Every structure is written in C-alpha cells, then in structure tokens.
Amino acid sequence: MKKEKLRVIPPAERANPDLESGKYLLMWQGPQHPGITGNMSLKLIVEGDSVVDCETHVGYLHRGFEKLMERRLWMQNFPLVCRIAVPEPDFNEYCYAAALEELAGIQIPDKAVWLRTLSLEMIRLASFLMWIGGQAGAFGHGTIIQWSVTMRDYVLDLFEELSGGRIYHMYIIPGGVRGDVPAGFFKHVLEIMDTVQKNLDDIELVMFHNVVFKMRAEGLGYIPADWVDHYGITGPNARAAGVARDLRKDLGYLAYPRLDFKTIVGQKSDAYERARLRLLEMYQCIDLIRQIVDQCPKDGPFREKLPNPLYWKIPAGETYVAAECTRGEYGFYVASDGSDKPRRVAVRGPSYTHAVAVMERLARGVNIADVAGLMVSLHTYPPEIER
Amino acid sequence: MDIKDFIAPFAVWKRAFEKPFTVKKPIDERPGAPRYRGFHINDAERCVGCGTCEAICMNKAIDLVPVEGREAKEGDSGLRPRVDYGRCCWCALCVDICPSGSLNMSNEYLWIDSDPDVFRYTPGVDKKPWDGAELGYRRAEGYRLLDEQRVPMAELGHREAVKSFLELVQGYSRAQAEKEADRCVSCGLCIASCPAHMDIPGYIKAVREGDLDTGLRLLYETNPFPEACGRICTHLCEGACSIGTGGDPVAIRWLKRYIADQVELSAYAKALPRAEPSVGKKVAVVGAGPGGLSAAYYLALLGYEVKVYEKDGEAGGMLRYGIPEYRLPYPALDKDIGYIESLGVTIKRGVAIGKDLSLSDLRRDYHAVYLSTGLPVAYGLEVPGDKHPRVLDGVAVLAAATRGEELGLGKRVAVIGGGNVAMDAARTALRHGAAVDILYRRREEDMPADADEIREAKAEGARLIEKSIPVEVKDAAGALAGKAALFVWNEAEMVQKEEGKRPVPEAIPGALREELYDSIIAAIGQGPDLSYVTEEDGVPMKRFKPLVDARGMASPGASPKGGAIFAGGDLVNDRKDAISAIADGHRAALSIDRHLSGKGA
Amino acid sequence: MDATSFAEALDFAIGREKAAVDFYRELAALASFAVQRSTLKEFMTMEEGHVAMLSAMKARGGLELSSAIAVDLGLAKALAADEKPAAGMSFQDILVAAVKKEERSGELYVSLAAASLNPEAKAVFERLVAEESRHKRYFEELYEAHIARDN
Amino acid sequence: MNELATRLAARYGARGWHDQRADLATIVLDADRLRDALAYLRDQEGYRHLSFATAIDNIERGVFTLVYTLRSHDKGHSLIVHADIDRQKPVVDSIHLLWAQAWTYQREMKEWYGIDFPGSPRVDEEFVLEGWEGPPMMRRDFDSLAYSDATYAERPGRATSDPARHMKEQLYPEAAE
Amino acid sequence: MSDKKLKPAPLANEGLSPDERGLFCDAAPREYEPAKGVIEDFYNWARAESLWILGFGTGCGAIELRPLMTSRFDMYRYGIQARPTPRQSCVFVIGGYASVKTLKRIVRSYEQMMGPKFVVALGSCTINGGMYWDSYNTIKRIDQYIPVDVYITGCMPRPEALLAGFQELKKIIKAGKGEGQNIYARDFAWYKANQKQIIKNWDMPDYNW
C-alpha cells in the first residue's frame with residue numbers, strides 16, 4: 001500500500017449538495033458527542049459514510065472574556081486569562097503578563113524568567129499528555145488515555161506543589177511569578193520526568209507501532225506545506241508539514257535562547273506524522289525541563305514590585321505578545337489607553353484557524369469514523385476560538 | 001507496515017506486575033498541597049475590616065459584613081469579609097493584597113451540599129472544619145501586592161539639625177508623593193480617627209492623580225490649616241491606617257503637606273469655594289489659634305462678618321508660639337492664616353479680652369462669640385524650691401524663642417515632662433547649644449509626646465531619664481547661687497497597683513539623685529486662663545472649664561440681649577491637639593450658623 | 001482626743017467635713033474670677049454631700065462605708081503646697097490644696113483609729129480612713145488627668 | 001524597517017510607523033487601501049502569515065480601528081496594520097481571498113462589532129452567539145454587567161458595607177455629611 | 001420557592017414541522033412513582049451504585065472528569081461511568097459556567113435522559129455565576145433552569161471533590177431523596193418560563209423526550 005495515495009487533498013470549493021435529493025444526510029457531531037473535543041459541534045453533510053461538507057459551529061463556551069477584561073483592572077484580569085484555555089492556562093498567563101510588562105516598561109528578575117519557562121514547559125507536557133490520550137481514543141484505542149492522563153496528573157501534582165492550583169495555576173503574575181519553588185520541588189520534578197519518560201516509551205511502542213493506529217492515521221488529513229501561510233497554520237501542524245517554525249526559536253522569549261533544543265520538523269504532514277511529532281516534542285519538553293532545573297538560579301528575587309494593583313495605570317500603547325503553545329502561536333494583543341483597565345485585549349489561539357477553516361477543508365472526503373481522529377490530530381481546543 | 005507493528009504493543013505486558021497508578025482512597029489520601037489554595041481562613045483579631053480584599057476581588061465574591069460582638073473602633077471597621085463560593089475563583093489575590101496579612105487560605109477543598117444557598121461564610125467568624133489550618137496558601141516570603149515601605153522622607157541629618165532652626169522635614173517631590181499616595185487602598189478607616197474626619201482617601205486620590213486643586217478643596221472642606229497640619233498634626237489617622245497593620249502606614253500627614261506646599265497661595269482662590277453672600281451678622285472669636293481661626297474661616301465662608309481677637313502680637317496661637325520653627329516654619333503658618341484673612345476675616349492682634357475688652361462687650365456687639373483661648377497657663381512643678389529663678393516654664397521658653405528673644409538657658413538644661421511641649425523645649429535648648437536631660441516620671445512608652453518627637457529628640461542628643469519623680473529644687477552653692485539649681489529626683493519603679501489601670505511610678509526608697517542645671521524647664525502640663533469669663537456671661541463651668549453641649553454652645557441660657565457663647569479647642573476638649581481644635585472650630589461655625597439662622601434649631 | 005462612742009466618732013467626722021466646706025468657702029472668698037468660684041463650689045458641694053451622708057448614717061445608727069482603701073497614686077507626698085492659694089489661683093493650686101487637705105484628714109483618722117480604745121469608734125475611724133483615701137484618690141486622678149498630663 | 005515604511009507610505013499612504021519592539025511595528029492606513037496594502041505586504045514584502053485580525057471600538061473618535069497583525073517569518077518581524085472606519089457606516093473590504101482563515105475573523109468582527117465585510121463567507125451567520133438580540137456586544141457602549149443583571153437571575157442574600165460609612169454610623173453619626 | 005407554583009403555561013411542540021412534531025412526546029413530564037417499600041430501597045441501591053454520567057463537557061469542569069475516568073482515580077470501581085448518549089445516562093454533570101447556547105443543549109439533553117435522573121453541578125459558576133458574574137453570555141444560577149441535586153464548590157473542583165460529590169449523590173439516592181426529576185415535573189412551567197426567558201431563539205420542542 002503506497003501511503004502517498006492516501007493523501008487526498010480536499011477540494012477548495014465548498015460542495016453545495018442538494019439535501020432534498022435524498023442522497024445526502026445532514027448530521028451533527030456535537031456539542032454533546034463522544035467524538036468531539038471540547039464543547040463544539042460539526043455540521044456534517046455525508047454521502048454514505050464519507051463527508052461531503054463540514055461546517056464548524058462554535059460558541060458553546062463563549063464567556064466574553066475580551067469584554068470582561070475591558071471591565072476589570074489590569075491586575076484583576078490576571079486570574080481571568082488562564083481560564084481561556086483550560087488544558088494549558090499558563091500560556092495565557094505568560095502572554096498577558098509579558099504584554100503588560102512590555103507596555104509598562106517592567107523588567108522581570110532572571111529567576112522569574114526561568115520559573116516562567118519551567119511552568120510553560122511543564123504545562124506543554126501536561127497538555128500533550130492529555131492530547132495523546134484523546135488522539136488514541138479517537139481511533140478506538142482506550143489504553144493510552146489511561147496512562148497519559150495519569151502522567152498528566154503527576155505533572156499537575158507538581159503544579160499544585162509549586163503554585164497551589166491543579167488546573168488554574170495563576171502562577172505567572174505580571175511582574176514575575178508568585179513564589180519561589182518549595183523545598184525539594186526540583187527533585188520531584190526530575191522524578192516525575194523519569195516516570196513520564198518511561199511511560200512515553202511505552203506509549204511509543206503501543207501506539208505508534210500499532211497497526212490499527214497506523215492504518216487509520218497515516219494519510220489522514222494531509223496538509224500541504226503551502227497551506228501553512230495561507231491558512232495561518234502554526235505549531236506542530238505546520239512543523240509536521242515541513243515548515244520549521246517554532247516561536248520559541250523565532251522569538252527567543254524567556255529563557256529559551258539559553259536552552260539547547262532543535263526545532264523538530266516532519267515531512268509527511270498527515271495525522272500520524274503530527275502525532276509522532278508531538279510525541280517527539282514531549283520528549284523535548286522533558287529534556288527542556290531537565291535543562292531548566294539544572295540552570296535555574298537558586299536565589300534572587302522572583303518578582304518585580306509593581307504599583308498598587310488597585311490603581312495601576314499602564315501607559316497608552318499596544319503590543320502583541322506571542323508564545324509557542326502546544327498547538328502553535330498563542331498570542332495576546334493588548335491595547336491600553338492609559339487608564340487602569342485594558343482598552344482591548346484580543347486573544348489569538350491557534351485553534352481559531354485549525355478548528356475552523358482548516359478542519360472544514362480537511363474533513364471533506366473523510367470517512368465519518370475518522371472525523372474525530374482528524375479533529376484531534378489538529379489538536380484543537382474550542383474555548384480559545386470563542387473566548 | 002512491518003511485523004513490529006503487530007508485536008510491539010504486547011511489549012508492555014511487562015508492566016502488568018508494576019505498582020498500579022490508582023490511588024486507593026482518593027478522598028482520604030490526598031490532602032491539598034502545602035500551598036494549596038483552598039477555602040479562606042481569616043484571623044478575625046488581626047483583620048481590620050478594611051475591605052481591600054473586596055476591592056481587588058474581580059469576582060465580587062467578597063462582602064464586608066457586620067459581625068456580632070465586634071464593634072467599630074479606631075483602626076477597625078468591625079466589618080469582616082464574607083466570601084461567596086458561588087463567585088470565588090480561588091485566585092488568592094485577596095490573600096496577596098491583605099494589608100494585615102490576616103486573610104489566608106487553607107488547603108481544604110471539599111465542600112459539597114445540596115443547598116446552593118449555603119456556600120457563603122465569614123472566615124474566622126463562622127466556624128468551619130478548616131479553621132486554623134496549618135497548611136494552605138500563604139503569600140510567599142518577599143511577595144506582596146502592596147508596598148509595605150513608606151517612601152522615605154528627606155530630613156536634615158540630626159547633626160545638622162541641631163545647628164539651626166531650619167525645617168527638618170524636606171517634603172515630598174511630586175514623584176515621591178504620587179508613589180506614596182499609591183500605597184493607599186482607600187479603605188477609609190482613617191476618617192473616623194481624624195478628629196476633623198477629613199476625607200483622607202479623597203485627597204490622597206487627588207495626589208495620586210495629580211489633581212492638586214481638588215486635593216486642596218478636599219482639605220479645606222474640613223481643615224483650613226493644611227500647611228500646619230501637614231507638618232505637626234498628631235496624625236491619629238496614621239495610627240488607624242490599614243496599611244500600617246502590615247508595614248509603614250501611609251504618610252498621610254506628608255501628603256497633606258505636599259498638596260498645600262505645591263499650590264501657591266495666589267492659586268488658592270481658584271481651587272477653593274468662594275464665600276457666600278453676606279448674611280449681615282457678626283461673630284467674634286476669642287483667640288487666633290487653629291481652633292479660633294477655623295471657626296472664623298467657616299463662618300466667613302457662610303457669609304458672616306468675623307472678627308478674631310488675639311492677645312499676642314501675632315496670630316496662630318500655639319502653632320506659632322508653642323511649636324518651634326524647625327517643625328513648623330512661620331511662612332507655612334502665615335500661608336494658612338493669610339488665606340483665612342483673605343476671605344475678609346479681621347484679626348485684632350494684641351487685644352486681650354478681659355483686659356482691653358470684656359466678654360460682655362463682645363456679647364453686646366456680636367451675634368455670637370466663640371471662645372477658643374486654649375491652655376496658656378503652664379502648671380508648676382509643685383515641689384519645694386520650684387520658685388527658684390532658674391525654674392522656667394516650657395510654654396514661656398517656646399514663646400520667647402518665637403519672639404526671637406535671648407533665652408539664656410545656659411549649658412546644662414533639664415526638661416521635666418514627657419509631652420510634646422517638653423520635647424519641643426528640649427530640642428529648642430539643644431539648638432541653643434545646651435546639653436539637655438529630659439526627666440519623665442514614667443517610662444518612655446508612657447510618654448504622651450509623639451513617638452517621632454521622642455525619637456528625634458534623642459537622636460539630636462537629648463538624654464532621656466525615665467522613671468524620675470521630682471523631689472526638690474535646691475539653689476546651687478557658692479558663686480552659682482541664683483544662677484543654677486540642683487534638681488533632685490527620686491528614681492522610681494513602675495508598679496501595677498490596680499488591674500486594668502496603667503502602672504504607677506513608685507519612688508524607690510533612698511534612690512535620690514541630683515544634678516546641677518543652668519535651667520530647669522517645667523513642662524508638666526498647661527491649664528486654661530478663664531479670668532475673662534464672668535458669672536454674668538452665663539457660661540456653666542465644671543472642673544475648671546466651660547461646659548459645652550453637643551453643638552459647642554457654652555451658654556445654653558444666654559440672655560436674649562447678648563450673643564450666644566460657643567467654646568471649643570483645648571479649652572474644652574480632652575484631645576488637646578491642633579486637629580481637634582480645628583474640628584471644634586468647624587463644628588462651632590456650623591452650630592453658630594444654625595443658631596443664628598434658625599435652621600434646624 | 002478620745003472618741004468614746006460611735007455617735008461621738010461620727011460627730012467628729014461630720015465636724016471635719018463641715019470644716020472642709022468652710023475651707024472651700026474661704027478659698028472662694030479669695031477667688032477673683034468665675035471659674036475659680038465655680039470649681040470651688042463644685043468641691044464644696046461635694047463636701048456638703050459628705051456631711052449629709054454622715055449625718056444620715058448617724059441618724060440610722062449604722063455605718064455604711066466601704067472598707068476598701070483606694071490605691072495611693074503617691075502624688076500627695078510629692079506635692080509641695082506650702083503656700084495657700086491666692087487670688088489668681090489656678091486649677092493646679094486648688095487641686096493641690098484639696099489633695100493635701102484629704103491627705104491630712106486621712107492621716108488624722110489613722111492616728112485616731114490607732115488611739116481609740118472603744119472598738120466601735122475604732123471601726124468608725126478605720127472606715128473613715130478608707131473613705132478619705134477615696135476622696136484623696138478622686139483629687140489625685142483629677143490632678144493626673146488635668147494638671148500633670150505631660151508628667 | 002524604515003525602508004518598508006517609506007515604501008508603504010509612497011504606495012498606500014501609510015503613516016505613523018512606530019517600532020514597539022525590534023520585532024514588532026505598527027502602522028496606520030486608510031481603510032479603502034487596506035486590502036491592496038495587505039496583499040502587497042503578503043506578496044512583496046514577505047508578511048505571509050496573518051496572526052489575527054480584530055477591531056477596537058474607539059467610540060470617542062467615532063471609529064472602529066481595525067487591527068491586522070502580519071508576520072514575516074523570513075524577517076522575523078511582525079507588523080500591526082491599523083485602519084479606522086466610520087462607526088456609523090462600518091463596512092470594509094473582505095480579505096478572505098488573501099488568507100483562507102480570514103473569513104472567520106471577519107465573521108467574528110461582524111457579530112461582535114457589527115463591521116460588515118461584503119462577500120466574506122457566512123459573514124451574516126451567528127458565530128459564537130445564538131439568538132442574540134442585543135447590540136454587537138464588543139462595542140464600548142454595550143454594558144455587559146447591566147445586561148447580565150437584567151437578564152440572568154442572581155442568588156439573593158448578599159449585602160456589603162463600606163468601612164468608612166459603617167464607621168461613621170457607628171462612631172460619629174452626629175457629624176454632618 | 002413560592003413563585004415556582006406558576007399555572008402551567010400552555011405548552012406544546014408547536015413551531016415544529018408536523019413530521020418533526022411526531023418525533024416527540026406531547027405530554028408534560030410526570031413525577032416518578034416509587035415502588036413499594038423494600039423494592040424501592042433495592043432500586044435506589046442499584047441506582048446509586050451505577051451512576052452513568054452523560055459525556056457532555058459543558059464547561060471547564062469536563063477537564064477534571066478525565067483523571068476521574070482514568071487509571072489514577074478510576075471511577076469505574078465506584079460504579080460510575082460515562083455514557084455517550086443521554087438515553088443511557090442518569091447523571092448530568094454541569095461542568096461550571098453555562099453559556100446561553102450551551103444551556104439550550106443542556107436542557108435538551110437533560111430532558112432526554114431517562115428517569116430517575118440526577119444533576120451534579122460543579123464549581124462556583126453554577127452556584128452564583130462565578131467569575132463570569134458580569135458576562136452577557138453566561139447564566140448565574142443553573143438551578144433556575146434545571147433542578148440540581150448536588151453542588152460541588154471549587155474552581156476547578158478537584159477529582160477528589162468530584163468523587164466526594166458522587167458519593168454524596170449516592171447517599172441522597174439511597175435515601176430516596178433524589179427529587180430533581182420530580183421537582184422538574186412539578187415546576188415544569190416555571191422552568192420552561194425561565195428557560196425561554198433567556199433562550200431567545202426557541203426553535204426546539206417544549207417536550208424534548
């Protein structure tokens with residue numbers, strides 16, 4: 001079986017099927033559906049068991065963050081932003097904090113830089129661990145999630161120890177971080193990394209050398225490299241298509257320039273390749289975390305003193321701060337009018353394009369049973385689309 | 001696809017005998033981490049009910065509620081935060097910002113109920129299983145959202161200070177003032193403690209926002225002596241400041257001074273309210289101290305024609321004659337008084353009531369009279385020998401210094417007393433090159449003087465001799481007779497004689513000490529001079545002072561022929577500080593207006 | 001002086017209180033302005049109250065005085081009131097005179113109690129010692145609160 | 001980067017180039033030349049990646065300010081392009097043909113601000129809201145709290161006191177206001 | 001709550017096309033009629049020990065269900081499992097905030113669930129709006145729209161708290177006090193009125209079963 005033959009590039013134009021003809025069936029996948037990530041829905045038009053057309057419907061999780069943030073003080077938004085993306089809140093915290101610091105002209109202490117990097121890498125690992133369970137599950141493979149979610153839980157235990165929160169850490173606060181690492185924390189980190197790595201080895205064997213997974217994932221959802229710019233695809237989805245873009249390298253924020261890592265690039269750009277690339281990035285995370293533990297300064301302040309948060313005004317200006325999250329470019333656009341509240345905060349989540357424009361296009365021609373697997377292979381997360 | 005893809009998955013069978021991941025009894029076995037952000041706990045004793053937690057809470061999860069058995073008192077609103085767990089997001093910003101550090105979080109996270117209305121409680125007041133939890137979120141060492149340190153005030157060094165009467169405190173620059181104002185959380189706990197109930201959060205906000213005209217207007221709403229109070233106020237407000245519960249209180253006094261210093265006198269009129277049109281009534285004020293002039297200011301604003309009678313050559317009362325120049329320079333005081341005069345208030349300087357004019361004259365010529373004559377009479381030591389020519393009285397020494405007279409205190413000076421007059425006298429003597437001992441009957445912590453004053457007097461070189469009961473003043477022997485005196489005191493120990501009362505100094509038998517001084521300045525207390533009030537004025541008196549009602553009126557049964565008499569300030573109240581006198585003056589002005597206009601009688 | 005009976009002892013005490021009334025009356029005659037007179041009158045009225053109280057006790061034939069001796073704040077000993085208050089007397093002058101007077105009364109009753117053979121009279125004098133200590137304490141507290149605020 | 005500013009100024013009347021960071025600049029354009037300028041930036045200047053597009057309601061000036069953030073990965077530089085459009089007549093050219101995901105942003109702006117992009121796919125459909133009857137909710141004159149209070153029931157029984165007022169009532173009620 | 005005793009509004013599946021209308025039941029929900037004595041006790045025990053959750057992640061709360069479902073917390077050993085369809089589920093977990101758009105699906109899913117059915121609400125948001133108290137798109141009190149049996153506070157409540165919530169629910173069910181379904185039937189008109197007040201495009205049947 002030649003794999004290349006499986007790569008079907010769906011048509012650019014939307015189909016306009018005649019639903020009255022009886023040839024097609026309109027079906028909804030979601031919001032309450034086991035084959036959907038998060039609370040969103042796909043409106044599928046199917047012919048037999050293959051999808052003719054797909055429309056994404058979002059908004060089930062719309063809370064109006066961007067409006068609410070305009071009502072709150074700069075510091076009051078800090079607990080709010082992490083809720084935008086539940087599996088990886090820290091990217092929100094970082095982008096928001098960094099944007100504020102840039103606008104207010106605040107330099108954060110070196111220790112905070114390292115601890116921020118640590119928490120971003122830890123949550124990257126945790127988020128990938130949750131994703132990989134979902135990816136396997138979407139192809140009917142229930143074992144992986146039993147392992148990987150537990151591994152994720154171990155990472156969350158670390159977060160709990162560090163920040164006092166399991167899901168919402170609220171650790172990266174404008175000005176630095178909220179506390180130094182507790183005694184013995186780095187030791188725990190290294191222990192957990194060993195456990196996770198061992199488990200990843202198992203997952204590698206069981207999932208990536210599983211004939212069922214291979215057959216279902218290979219060739220599914222092929223993204224040509226020239227779509228990357230056209231669709232604004234970022235992160236592993238772009239890297240799996242052979243486009244070497246990693247904001248950690250490109251922007252060189254936080255402590256990344258001081259860490260030793262290479263951008264992992266794929267080639268085949270199908271669901272299997274993307275999954276494999278993410279697995280490699282998980283190994284990379286573990287490696288980075290070990291480097292951070294090794295290099296993080298032991299002493300020094302962890303937060304810059306800021307003005308009274310009740311009246312903190314940020315000089316008028318605007319900025320866009322992006323970071324490489326698990327799924328790609330995560331960014332906060334923050335505009336200040338010089339008052340004590342933001343004028344506008346806009347959140348750029350990678351799922352915005354991956355789950356809508358890209359998904360709609362890729363779903364065409366796919367077997368219904370593979371829609372869930374395809375969606376998970378794009379690693380989307382609805383709340384960052386609708387905020 | 002190769003054979004490995006079929007076989008590899010079986011490899012993990014090797015894990016079958018490893019320890020499973022499963023937690024046996026999750027609910028029992030997994031307490032929250034030591035830093036876990038669980039339910040709130042609050043030390044209700046340390047909490048002062050400032051509501052800063054409520055202000056920072058973006059979820060509006062916190063209400064401040066009255067608590068049974070907890071009354072409002074100075075520096076404590078008596079309210080306590082109540083948390084709605086239908087709102088809380090466990091971000092702990094409330095913990096991070098809490099000025100007193102009383103609010104924390106336990107590591108408890110289990111709370112399940114069928115009734116959605118139960119998820120509210122007042123931590124530290126309503127009993128909860130997690131009260132007193134050892135573990136849970138506390139703000140990290142070295143991490144606070146509020147700045148616990150006051151912006152340092154530039155002051156003359158102590159060595160420099162004693163060489164001259166230059167003002168010690170330099171005042172804040174704009175950047176410093178705005179930074180200091182930024183420390184305030186606008187809780188308003190201070191307002192109740194200020195005798196004048198000034199809108200302190202309001203004018204601090206004005207400083208923060210650089211709107212000094214508004215700041216000045218807010219100051220003058222309750223206090224027409226911002227320059228003076230900005231320097232010498234007893235700042236009870238700072239004692240009540242919620243920020244002071246976990247650090248330095250906000251420098252409220254210096255911020256007040258900053259506002260007044262920054263606005264030129266010529267620009268005052270633009271910022272401040274104009275006087276009402278004349279109501280055609282006249283009021284006399286006796287005594288041009290802070291209280292009398294305050295009454296005059298507010299009366300003038302209300303449209304009264306006000307004349308102030310002052311026995312001394314200059315207006316200002318104790319602010320001028322009692323407080324040395326290095327604490328309150330005369331130009332600053334002149335600015336306050338100058339603005340009051342600019343509203344049309346006439347100050348008759350050098351006119352003593354009781355001598356040049358009688359009180360009944362005033363009652364005849366004015367619709368109302370306000371007595372604000374303060375406490376000009378210094379009390380004596382009342383020990384044998386206290387009439388020795390080298391025993392001086394503190395008030396007189398300070399007044400002479402103000403007048404620029406030669407003091408001739410000599411090289412060795414004793415100051416008897418622990419109040420602000422004693423400190424001022426001691427520091428004045430230091431500036432005249434004397435070596436100064438301050439003798440006080442009790443301990444340093446019992447001294448009624450401001451802590452700052454005591455600290456500075458000591459820093460400038462005064463020696464503090466605590467627990468010393470005056471026994472006798474003896475004339476010096478030989479050539480020094482009449483020119484120096486021996487001060488004899490008895491060393492004392494503090495004895496707690498009665499439960500709940502302050503300890504009493506008791507002389508240690510035989511522990512007599514004596515020391516030769518060129519001058520002995522008695523500053524043990526002062527009393528009023530009421531020789532100008534006669535029985536005909538109808539002023540009821542008790543314990544050597546006029547009795548006033550809640551309105552400040554001292555002549556409830558005043559005959560219809562004469563104007564009513566009101567009294568206030570040190571003469572009447574027990575606080576005996578400038579800000580209380582100012583508050584009395586303001587209150588009396590309003591009462592006089594109500595009395596004369598017939599409003600709200 | 002040797003008081004022999006309850007009634008006589010009380011009579012003696014009433015006499016002392018009456019003398020106190022006269023003391024304040026004499027001072028008031030010296031006074032030159034209103035507040036002095038009103039203060040002295042205040043104290044005088046208090047002493048008249050004592051007279052009335054003791055007289056009533058005598059009539060009822062029972063002693064209704066507490067035996068609790070008030071704590072001595074130690075001011076009386078320290079104060080030197082050699083001179084009698086004069087026309088320009090201040091509150092301090094008046095209070096010093098009052099404290100001294102109460103102290104003298106107390107001392108007198110102490111010696112009377114010691115000298116009394118009649119247990120009844122002795123008891124009366126002892127109670128009067130306590131009573132006078134409380135009067136003195138009253139003036140001492142006034143002195144602390146109004147005069148020696150700063151020392 | 002100033003050469004780019006000059007070229008954009010000459011070709012599209014761009015102005016107000018501001019370097020926010022070494023790798024981020026902002027610039028202002030006229031709305032009617034926006035699409036051409038974006039196409040130029042994409043095709044000629046290497047700004048091939050559209051990070052996001054959004055709008056700001058500058059109600060004080062009576063305009064919506066559009067925000068397009070482009071990135072040139074070759075130059076390692078991002079450019080935020082602004083264009084004001086009349087708040088009363090919020091219509092602007094669609095760029096859905098330039099970037100394949102742009103229509104989603106435009107759909108969002110249509111729903112959230114009421115800015116129309118004629119020709120953009122599904123632009124008139126509801127995006128995140130359903131059955132919304134209020135005005136576009138990201139407009140500054142829409143008050144979220146007032147709407148929420150009027151629409152969604154709150155659990156009763158809450159009351160708070162202001163410390164200063166409470167202390168006045170308890171400690172010195174006699175003082176005049 | 002006295003205002004719950006509204007007169008039942010005339011409800012019908014009007015507005016739906018005739019053939020669609022035929023797909024739904026056209027009768028108001030009824031209260032559950034318990035069996036006699038021990039038999040009902042037995043039923044309740046059985047119900048309590050097999051809680052089947054509807055797999056519908058309505059808010060952030062869904063994220064802590066995964067650890068619960070998987071090996072570390074392993075809820076299967078407590079007789080709890082997730083089901084893909086409302087028709088097979090008896091427990092609805094409201095995972096925090098509910099936007100209006102989701103509420104519509106919540107109502108629909110809830111009504112389609114088999115009785116006796118129970119609702120567990122997670123987090124501050126379900127109790128009084130939580131951090132989205134001033135949002136234009138989220139409700140503040142879920143109990144205005146569907147009856148709730150157990151509330152679990154937290155943001156997010158941990159898996160252990162969820163588990164404790166389910167244990168509490170079990171106790172309630174065993175005691176025969178899981179009244180949610182009956183309350184919904186009794187105050188049906190009130191719930192419908194509340195739902196319709198905020199779900200502006202009511203294009204679904206009034207009777208969703």
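Two residues are taken to be in contact if their C-beta atoms, placed from the backbone, lie within 7 Å. The structure described here is a predicted model.

With that criterion, consider a helix pair in chain B. On one side, L212(B), G215(B), L216(B) and L219(B) belong to α9(B), and they meet K256(B), I259(B), A260(B) and Q262(B) of α12(B). Sorted by class, this contact consists of five nonpolar, two polar and one charged residues. Helix α9 of chain B spans residues 212-222 and helix α12 of chain B spans residues 252-262; their axes come within 9 Å and cross at roughly 115°. Angles of 65 to 115 degrees count as roughly perpendicular, and α9(B) and α12(B) are therefore placed in that class relative to each other. The crossing of α9(B) and α12(B) is left-handed.

Helix α6 (residues 143-163) and helix α7 (residues 185-208) of chain A pack with their axes 10 Å apart, at an angle of about 165°. Because of that angle, α6(A) is roughly antiparallel to α7(A). Here too the handedness can be stated: α6(A) passes α7(A) in a left-handed crossing. Among the residues that make the contact are W147(A), M151(A), Y154(A), V155(A) and L158(A) from α6(A), and H188(A), I192(A), V196(A), N199(A) and I203(A) from α7(A). By class, the contact of α6(A) with α7(A) has 14 nonpolar, five polar and two charged residues.

Chains A and B also touch each other. The contact involves 34 residues of chain B and 30 residues of chain A. On the chain B side, the helices α1 (4-7), α3 (52-56) and α4 (93-97) each supply at least two residues. The largest share of that side, three residues, comes from α1(B). The chain B residues that touch chain A divide into 24 nonpolar, one polar and nine charged.

D149(E) sits in the loop between α5 (123-128) and β5 (150-152) of that chain. A residue is buried if 20 or more other C-beta atoms lie within 10 Å of its own; D149(E) has 23 C-beta neighbours inside that distance, so D149(E) counts as buried. Leaving out residues up to four places away in sequence, D149(E) touches F118(E), V119(E), V120(E), L169(E), I172(E), G178(E) and G180(E), as well as S114(B) of chain B. D149(E) and A121(E) are 28 residues apart in sequence, and their C-alpha atoms are 7.9 Å apart in space.

How values were computed:
Residues numbered from 1 in each chain as written. Chains lettered and ligands numbered in written order. Predicted model: local features only at pLDDT ≥ 70, side-chain atom pairs only at ≥ 80, totals over all residues. Axes fitted to C-alpha atoms, helices over the stretch in contact; angles between N-to-C directions. Helix = DSSP H or I, 4+ residues; strand = E, 2+ residues; numbered from the N terminus. Parallel < 35°, antiparallel > 145°, perpendicular 65-115°, else oblique. Left-handed = near helix turned anticlockwise from the far one by under 90°. Nonpolar A, V, L, I, M, F, W, Y, C, P; charged D, E, K, R; others polar. Buried ≥ 20, exposed ≤ 12 C-beta atoms within 10 Å, placed from the backbone.
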